[in-house]
Each structure stands twice: as C-alpha cells, then as structure tokens.
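Subject: Structure handover

Hi,

Here is the structure for you to look over. My notes on it follow below.

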Amino acid sequence: MISANNVTLRLGKKALFEDVNIKFTEGSCYGLIGANGAGKSTFLKILSGELEPTNGDVVITPGQRLSFLKQDHFQYDNFTVLDTVIMGNQKLYDIMKEKDAIYAKEDFTDEDGIRASELEAEFAEMDGWNAEADAATLLNGLGISTEEHASYMKDLQGALKVKILLAQALFGSPDILLLDEPTNHLDLDAIAWLEEFLINFNNTVIVVSHDRYFLNKVCTHTADIDYGKIQLYAGNYDFWYESSQLLIRQMKEANKKKEEKIKELQEFISRFSANASKSKQATSRKRALEKIQLDEIRPSSRKYPYIDFRPGREIGNEVLTVDHISKTIDGVRVLDQVSFIMGHDDKIAFVGSNEFAKTTLFKILAGEMEPDEGSYKWGVTTSQSYFPKDNTEIFNNDLAITDWLTQFSEIKDATYVRGFLGRMLFAGDDGMKKMKVLSGGEKVRVLLSRMMIEGSNVLIFDEPTDHLDMEAITALNNGMIKFPGTILFACRDHQVVQTTANRIIEFMPDGTIIDKVTTYDEYLDSDEMARKRQVYSMSESDAADN
C-alpha cells in the first residue's frame with residue numbers, strides 16, 4: 001500500500017497540490033487523470049520519492065518494492081538489453097553481479113566461499129534463476145526479438161528503448177508500480193499485451209495515460225486531479241466521466257431548488273416584514289434564508305478544442321488506386337507490392353508493428369517520396385491534407401502561427417484565420433507566437449488547424465494523437481467520426497481506431513498487407529487474422545533458429 005498524507009506542493013506562490021490525502025491499495029489499478037499541467041507526472045514523482053512535497057508525506061508499507069517507469073533513454077546505454085530489464089530489481093541485479101565477480105576471482109578464499117553461499121541463498125529466495133527467462137518473456141511480449149536481448153542499449157533506436165524501459169519497470173513483480181504514459185511509442189499489439197499484463201497483475205498500479213481505451217481496460221479506480229485536489233472514484237475512465245457529470249447535474253439541480261426556495265422566502269419577507277401579524281413568520285423565514293447555502297460548482301480546468309473538418313467539395317466515387325507499390329530504404333524492403341483501392345466511404349486504419357511501412361506509404365501518397373515500383377492515382381475530385389509523424393522541418397521557421405496558417409487559407413484575413421486557432425485553444429496573442437518555439441502539443445494543434453482551414457475531402461493522419469492531452473484526443477476522435485470524406489490514418493489510440501475506421505489494413509513485417517473491411521475489434525477477433533499472424537510468427541522463429 002502507498003498513501004499520500006496532507007501532501008502540498010508549492011511552486012513559488014502557486015500551490016500545485018493542497019492537502020492531498022489519498023490511499024492506493026493492493027490489487028487495484030488507479031488511472032491518474034487531469035488536464036495538461038494539472039500535475040499528474042509531478043504527483044507520480046512525489047509518490048516515487050524523486051520529488052519532496054512542501055508539506056505532508058508519502059507512506060509505503062515497510063518491505064514493499066516500488067518501481068517507476070523511467071524516461072531517461074540514455075541512462076543505460078552501456079548495458080545490454082537483458083541486464084537493463086533485470087536492473088528493474090536493483091537488489092537482485094547487484095547480487096548477480098557480486099556473485100559473478102566472486103566466482104571470477106583467481107584467488108578464491110574461504111571468505112569468498114562463505115559470501116558466495118550467502119548470495120546464492122538470497123539469489124534463490126528472490127527467484128534469481130528465472131530472472132533472465134522472466135526478462136526475456138517481458139521483452140518478447142513487447143515485441144523485442146530474442147536476437148536483440150544481448151544488444152547494448154546505445155545501439156538501439158528510441159522506440160525500442162521505450163519498450164525496454166517499460167519491461168524494466170514491470171520486471172520482478174514490484175509491489176507498487178508507477179507508470180507515466182506507458183503506451184507512448186508502443187504499437188497497438190504491444191499495448192494489447194500490456195493491457196493483459198496489468199489486468200493480471202495482483203499488486204498496486206498507478207498509471208498516467210491519455211489513452212481512454214487503455215484506462216477503461218485496466219483501471220479499477222480513477223483518481224481525478226483538478227484544482228490541486230484529487231478525487232477518487234471506484235471504476236474506470238468511462239465510469240469516472242459518467243459519475244462526475246452526474247454529480248455536477250445533481251449539484252445544479254440541488255442549487256436550482258435552493259434558488260427557488262430563496263426566491264420564495266425573499267418574496268414572503270419583502271411582503272410581510274412590515275405586517276405586525278406576520279412579523280414572527282417573516283423573522284422565522286429570515287433565519288431559514290440565512291441557513292441556505294448554494295453548492296459551489298467550480299468548472300473543470302479541462303479545456304476541449306473544437307475540431308471540425310469540413311470538405312470544400314463533395315468527393316466522387318473514384319478516390320485512390322494503389323497499384324503494386326514497392327519501396328526499399330537502406331537495403332530494407334519497406335513496402336512490397338502493396339495494392340488496394342479506396343472507396344468514397346472508406347476510413348482506413350493502417351495497423352501493425354511495422355510503423356516505418358505506414359509512414360513510408362503516407363509520404364508516397366502525399367507526394368513527398370517516390371516509390372521504386374508501382375504507382376498510385378488520386379481521383380480528380382479529391383484534395384488531400386497530410387498530418388506527418390515528423391513535423392520538425394515544418395516548424396523550423398521564424399513565422400508567427402497566424403502568418404504561417406494564412407498561407408493555406410483561401411480567405412487571406414487574419415481574423416478569419418485566428419478563428420481556427422481559437423477553436424484549438426490559441427487565445428488572444430497566442431497567434432503571434434513563433435512557429436519554432438511551440439511545444440509538442442501546440443504543434444499538433446497548429447497542424448490540425450491547417451487541416452481544418454484547407455477544407456480537403458481526404459485526410460491522411462500519421463500518429464496524430466502523439467503529444468495531445470485526453471481532451472484534445474477526444475475532440476479529434478469526434479472530428480474524425482463526423483468527417484464526411486475519406487481518411488487514411490495510423491494511430492496508437494485503440495478507441496480512435498475502433499470508433500473511426502470501417503476498414504483495416506495491417507502491414508506485416510515483410511512489407512506486405514492484410515486488407516479487411518471490418519472494425520478494429522472485429523479484426524482483432526478474426527480467426528483468419530490470428531492464423532496469418534501465427535504463420536508469420538513461426539516463420540520469424542524458424543529464421544532466428546537458423
């Protein structure tokens with residue numbers, strides 16, 4: 001168990017948290033939610049001991065081990081992948097290394113033998129003989145192939161490091177597990193594996209995530225941070241939402257009844273206060289009036305942008321034909337004879353762990369890259385807007401947001417353009433911010449503003465939910481659902497994929513595709529897809545053995 005007792009954290013004059021009291025118990029998974037800047041990650045750091053509160057304290061049951069998902073991708077560069085995961089249980093790792101160092105001695109003494117015996121006993125008690133196998137199981141579950149387990153962290157890409165650090169946090173069944181955005185940079189298959197892991201995890205979990213489906217799947221409780229307080233709800237994210245909205249409605253209804261009673265009392269007092277025969281009744285009602293207190297209903301600190309993609313013209317029947325496109329990059333066959341035809345009602349989600357293949361296809365369709373073989377053709381009635389995964393070059397300029405966005409508007413009027421920025425929560429002088437100084441979330445909101453102002457009837461999204469808070473993701477999800485045109489997109493948010501797509505195309509490891517008209521959940525449950533994945537899994541296993 002872990003609890004926060006009267007925790008207050010002040011940053012200068014501002015109190016981020018004020019007298020927070022909350023207890024997290026064993027066997028429960030808590031989703032820690034709140035608007036951007038509410039202090040979710042900060043509160044996890046307080047719980048982990050990385051950050052000291054101004055007042056109050058954090059209490060952990062004696063003897064329990066806490067594990068915290070780290071975000072420092074370079075800390076373990078000089079260690080192998082397997083060692084990095086086992087270091088999730090630092091005590092076990094230290095015993096392993098001390099034991100190995102003793103056995104490596106040339107002048108092995110009696111004292112060394114005694115110490116080695118003590119370490120062996122402790123090692124066995126901590127189930128150390130299964131440590132490497134357990135670590136390998138976690139890595140394989142997250143999509144890290146066995147052949148990469150002996151690699152050094154410094155030789156791996158950032159996305160793989162994220163998975164390895166997650167495996168480190170999960171290793172050794174910690175008593176208390178703190179996870180800050182664990183689904184970041186995970187593909188949908190890895191997220192599904194993590195969901196099952198946490199559902200079957202018997203200890204305490206506290207997780208921060210912007211993935212609503214993930215929170216609904218794994219959380220037994222929801223801890224909502226708003227205005228420096230934390231309110232605990234029994235239930236997942238959807239239950240929290242319904243409960244919080246119901247509470248607000250009930251408070252408003254109660255206040256309405258109180259206001260009606262206040263009005264009734266005031267009218268009686270005004271009418272009969274000067275009447276001698278009614279003076280006692282008027283005095284009684286004054287006392288009753290003084291006792292009535294309206295409930296304070298503070299609006300949530302959450303802010304929802306308004307995302308509405310409106311195409312400038314209706315799309316025709318011929319939208320997109322992709323004919324045997326292939327692409328090799330740095331000697332790797334990224335796309336292999338990819339073909340499909342897109343209809344005017346299609347909203348296609350591109351899924352699978354081969355993220356490079358998705359990005360490469362989108363770049364080709366957006367005209368930013370040429371295929372080695374094959375061709376594609378857009379319909380004459382189509383116009384396309386593209387949301388790239390890597391937007392570094394777009395924002396590497398000195399233009400103000402309003403000036404940059406005006407380039408994509410048929411109406412060259414600053415007030416008109418600022419209207420789109422206002423929908424995306426850029427208020428007042430925010431439109432004069434320079435493009436190159438924007439945060440990750442601001443960049444995404446600017447690109448979505450551009451897509452709205454362009455009025456295209458085909459939208460291409462490559463991971464648009466990265467850097468967005470839950471409120472913005474919800475707004476984007478609703479905008480994609482309502483959009484009357486066609487969409488091609490890749491997204492790690494399960495709920496966005498499930499509620500938006502009516503067709504799934506999965507990229508397999510060799511660059512080929514599986515194409516099926518279905519929802520995402522139906523696709524995942526498909527026996528045919530399970531068999532095809534098994535075939536690929538077996539072929540990869542055979543290749544590794546050879």
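A residue counts as buried here if its relative accessible area is under 20%. By that cut-off, 47% of the 546 residues of the chain are buried. Please keep in mind that this is a predicted model.

Overall layout first. The chain holds 18 helices and 18 strands. Along the principal axes, its C-alpha atoms fill a box of roughly 105 × 80 × 50 Å. Take the contacts in the chain with a separation of 6 or more: 68% of them come from residues 24 or more positions apart.

Next, surface and charge. Side chains split into 61 positive and 87 negative. The centres of these two sets lie 14 Å apart.

Now one local piece, around strand β10. This strand covers residues 320-329. Which strands does β10 pair with? One is β11, residues 332-342, joined to β10 in the antiparallel sense over seven bridges. Another is β13, residues 373-378, which also runs antiparallel to β10, with five bridges between them.

The β10 and β11 pair forms a hairpin, with two residues between the strands. D330 sits in the turn and has a positive phi of about 50 degrees. I329 has V332 of β11 as its bridge partner. On the β13 side, V322 is bridged to Y376.

Best wishes

Notes:
Residues are numbered from 1 along each chain as its sequence is written. This is a predicted model: local features need pLDDT of at least 70, side-chain atom pairs count only at pLDDT 80 or more; totals for chains, interfaces and linings use all residues. Side-chain values use heavy atoms; hydrogens and water are left out. Helices (H or I, at least four residues) and strands (E, at least two) are DSSP runs, numbered from the N terminus. Buried means under 20% relative accessible area, exposed over 50%, partly exposed in between (1.4 Å probe, protein chains only). Contact means heavy atoms within 4.5 Å. Lys and Arg count as positive and Asp and Glu as negative; His and the chain ends are not counted. The place of a charge is taken as NZ of Lys, CZ of Arg, CG of Asp or CD of Glu. Two strands pair if DSSP finds at least two bridges between them.
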